[in-house]
Amino acid sequence: MTWDHELAAWRAPASSHAALRARLADESVRVSDEIRTIALAGAVSPPALRWYQREALDAWTEAGHRGVVALPTGSGKTIVAIAAIAKLGVAALCLVPTRVLLDQWARALAATWPHPIGRLGDGDHAVAPITIATYASAIAWAPRIGDRFGLVVVDEAHHVGGWCPSEVLEMLVAPARLGLTATPPDSLDALARHVGPVVAAMTVGELVGDGLAELDVVTLPIALSPAERKRYRRDRGTFAEAYRAYQRTSRGAGWRAFVTASARSRGGREALAAWRASREVIAYPAGKRAALRELLARHAGERTIVFTADNATAYAIARELLVMPITHEIGRGEREAMLARFRSGEAPVLVSSQVLDEGFDVPDADVAIVVGGTASARRHVQRIGRVLRPRAGKRARVYELVVEASAEIAQVEQRREGLMPAVAP
Amino acid sequence: MTAAATEVDRPRAGRELRLLDASDTPWIAAIVDELVRGAGERWGSVQAEIERLEVASPPRIASIVQALRRLCGGRARNAAAARRARALVLGAPALDRDARRARIACAASALGVGVEAVEQMLWSDLAHERPVVLPERRPDACVLAALANERTIQRALRRAHDVTIRVWGDPRHVLHAAAARGLIAAVARDGDATTLDISGPLAMLHQTAVYGRALAGLVPYIAACDEFELALRCDFGRGEIALRVPPTALLPPGASRVRWRLVDRLAAGLGKAGLVVDRDPPPLVAGAQLAIPDLAFERAGARIHVEVIGFWTEPYLATKLARYRAAGALVVLCLDGARMHADDTPPPRVPIVLFTRSIAVDALLAVADDALRGPPG
């Protein structure tokens with residue numbers, strides 16, 4: 001609480017309304033409170049919950065309707081949120097990162113509540129007792145509508161404090177808060193402060209074969225050709241020598257500091273160029289080319305997503321095999337048409353570097369082929385989640401193409417930490 | 001509507017924005033040589049070769065590459081054809097050479113072009129994938145420097161809290177361009193110059209990207225003035241800095257004609273209603289400040305001014321009305337509904353017409369008649 005000299009009054013963030021009111025009641029202070037969150041007219045009818053969804057909802061209820069539910073992509077996090085709205089029966093604001101998710105949530109909620117759903121974002125400015133807002137629109141709208149909702153749901157809650165600014169959550173009075181994520185962040189401070197602690201968490205391994213499809217993860221070692229190996233050794237060697245020298249003189253400095261320092265000298269720039277060249281060699285060498293063709297032939301007709309480390313490789317594959325790339329450069333209309341053809345099976349293969357990782361409504365796929373990626377466990381879990389939506393008799397397959405004796409080995413080990421050992425090869 | 005400054009603090013004279021000049025043309029020419037060598041190759045690989053030249057700092061090289069892309073064009077021109085080709089060609093994976101060839105041949109026949117043309121069309125709208133197609137004439141180093149400078153200034157404007165533009169010569173095209181973009185601007189006479197104080201996108205609390213784009217769009221009009229000075233306070237994420245653009249900045253030829261269809265249509269509508277319309281009324285002087293109406297017309301023996309307002313705040317509207325009152329002129333303000341938020345309400349009892357897309361002549365005349373009658377009582 002801070003004293004505002006202009007207003008001659010105490011001020012507090014809207015988010016502390018409930019706690020403040022409780023404290024004043026404890027102290028038997030009489031208050032006049034003009035904030036009345038709206039009760040929902042008509043019941044929300046959520047679909048039947050699976051056991052882990054019910055457990056997550058119960059844990060959230062026990063935690064005083066505040067907390068984060070961490071469930072893998074494809075396991076039905078939205079259904080938990082709908083059940084929470086139904087349980088509380090109060091006006092709810094759902095915050096989502098992208099316009100695509102805005103549409104996806106609107107469809108899911110419209111199927112369970114007979115009244116118009118409010119939408120803030122993508123050109124829409126309609127507020128209703130159940131409203132979905134993109135993070136960006138919520139920044140503008142929170143000061144005006146922050147007193148209307150009793151529950152706030154934050155989708156992809158690992159972005160709280162970053163993409164979803166903490167100020168948005170401070171401007172909402174909603175005492176009930178539910179965060180949804182597939183990948184809780186390493187630092188939980190902002191999330192715990194504005195949404196609550198992680199109250200329920202399930203990994204891919206725990207739900208495989210139950211809430212998620214059965215899964216096989218296969219790692220295929222890829223050998224470089226002698227010429228590729230020679231180039232890789234040379235470029236990686238140049239980079240590693242410069243990096244080691246930098247580490248000796250600047251202990252504890254991170255990658256970003258190295259890049260900044262390198263840009264200032266010719267030697268540093270050469271080291272960075274060598275690092276980029278070494279990555280190019282392993283991004284899509286002849287061995288990965290052959291393996292990809294073989295896998296696509298083996299799974300002909302099955303819906304397959306090919307993940308690459310960068311857009312250049314995604315386009316190289318698209319150019320070579322005449323399959324559809326999904327990148328930020330492909331416009332919305334064309335992308336939707338492509339996804340419709342993917343859904344119908346007419347064009348069963350998509351190739352993408354990052355766009356399909358998160359915040360994108362991708363139809364159910366059966367096979368994921370990771371041609372290249374990063375060390376990020378979060379990204380890997382999101383990618384794998386694309387093939388995990390359950391279906392009767394489905395057995396999802398994930399193939400990782402990894403160049404032998406290369407930097408990719410360490411990346412694969414690191415990113416697998418996001419999964420249970422049960423799904424590791 | 002969120003609060004944005006109406007009377008902004010003038011940016012203090014800051015450091016000069018680093019722009020390219022004639023001394024940069026040798027290294028720019030080296031980049032052009034590399035581009036010419038790479039004609040027909042993928043932009044991505046040509047750009048990598050250009051970066052390897054290391055003829056200037058990476059941001060400077062990037063600014064010239066961007067200017068080259070703009071000069072060579074292709075993205076928008078090829079977009080429709082590329083989408084059509086992709087819809088026909090991309091599908092199930094073509095796992096061998098024959099299957100691939102057959103798919104391309106089939107698309108070529110459907111499009112009525114050759115096989116090679118289809119291969120080129122497929123990616124011809126993607127920044128790094130499309131082939132480099134040189135313009136008819138070799139790109140001139142000075143032109144590229146000017147284009148890069150224009151972009152550098154526009155980038156700074158997108159990150160501005162406030163901007164002061166001082167122009168010499170006829171300022172009307174700059175003022176109309178600012179109005180047509182809905183910018184929040186205060187105009188004043190300053191000796192033989194005209195000064196515009198404009199709220200920057202960082203002074204707004206929403207629609208900052210849209211507003212920033214609108215502000216950046218003003219640069220070609222400023223460049224068309226006899227002389228100009230530009231001072232801005234901006235924030236690139238490392239704290240606020242004051243910058244200025246020198247009058248000698250190398251910029252592309254400016255645009256001195258503002259085509260504003262909205263006001264043209266309104267003028268035509270008023271003309272059809274039998275009114276005498278002045279499409280280019282002179283600025284009105286209110287002390288040291290100026291009011292810039294977009295058109296004026298005669299009604300019942302009185303002269304009514306019309307000004308179209310894009311982004312606004314309540315204090316901004318109040319200042320605007322006070323300025324017309326001080327100039328002894330009648331005005332009707334037209335507020336663009338598309339630039340408002342649903343919860344914004346214009347202040348009551350002021351001569352305002354709300355519009356979306358076009359201004360209704362009847363509504364405008366009704367408000368004008370109210371204004372002519374004066375306040376009730």
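Q: Where in chain A is A:His65 found?
A: Helices are DSSP runs of H or I with at least four residues, strands are runs of E with at least two, and both are numbered from the N terminus. In this predicted model, local features need pLDDT of at least 70 and side-chain atom pairs count only at pLDDT 80 or more, while totals for chains, interfaces and linings use all residues. Residues are numbered from 1 along each chain as its sequence is written, chains are lettered from A and ligands numbered from 1 in the order in which they are written, and side-chain values use heavy atoms, without hydrogens and water. Now to your residue: A:His65 sits in the loop between H2 and strand E3 (66-70) of chain A.

Q: What is phi of A:His65?
A: Most residues other than glycine have a negative phi. A:His65 has a positive value, near 60 degrees. A:Ser28 also has a positive phi, near 55 degrees, and its place is in the loop between helix H1 (17-26) and helix H2 (51-62) of chain A.

Q: Does A:Ser28 count as buried or exposed, and why?
A: Relative accessible area decides (1.4 Å probe, protein chains only): under 20% is buried, over 50% exposed, and in between partly exposed. A:Ser28 counts as exposed because its relative accessibility is 62%. A:His65, at 23%, counts as partly exposed. In chain B, 49% of the 377 residues count as buried.

Q: Which residues touch the most other members of the largest nonpolar core?
A: A nonpolar core joins buried Ala, Val, Leu, Ile, Met, Phe, Trp, Tyr and Cys residues through side-chain atoms within 4.5 Å. Here the largest has 99 residues, and A:Trp105 and A:Ile369 touch the most other members. Helix H3 (residues 77-88) of chain A gives the most to this core, six residues. A second, separate core has 51 residues, including B:Leu19 and B:Leu243.

Q: How many residues does the contact take from chain A and chain B?
A: Contact means heavy atoms within 4.5 Å. By that test, chain A supplies 29 residues and chain B 28. The size of an interface is often given as the accessible area lost when the parts come together. Buried area is that loss (1.4 Å probe), summed over both parts. For this pair it is about 2,500 Å², with 54% on carbon and sulfur atoms. On the chain A side, A:Arg319, A:Leu322 and A:Glu329 lose the most area to chain B, together 29% of what that side buries.

Q: What volume has the largest cavity?
A: On a 1 Å grid over the protein atoms alone, a cavity is a set of points where a 1.4 Å probe fits but cannot get out; a pocket is an open set with protein on both sides within 12 Å along at least five of seven lines, and lining residues have an atom within 4 Å of a point. The largest cavity has a volume of about 180 Å³. Its lining has 19 residues, with B:Ala179, B:Ala185, B:Glu307, B:Tyr316 and B:Lys320 nearest the centre.

Q: Which helix gives the most to the lining of the second largest pocket?
A: This pocket has a volume of about 870 Å³. Among its 22 lining residues, B:Leu17, B:Arg18, B:Pro59, B:Thr152 and B:Arg155 are closest to the centre. H7(B) gives the most, with six residues; helix H3 (58-72) and strand E6 (240-245) of chain B each supply at least two.

Key:
Grid points are joined across faces, edges and corners, and a volume is the space filled by probe spheres set on the points. Buried area is the accessible area (1.4 Å probe) that two parts lose on being put together, summed over both.
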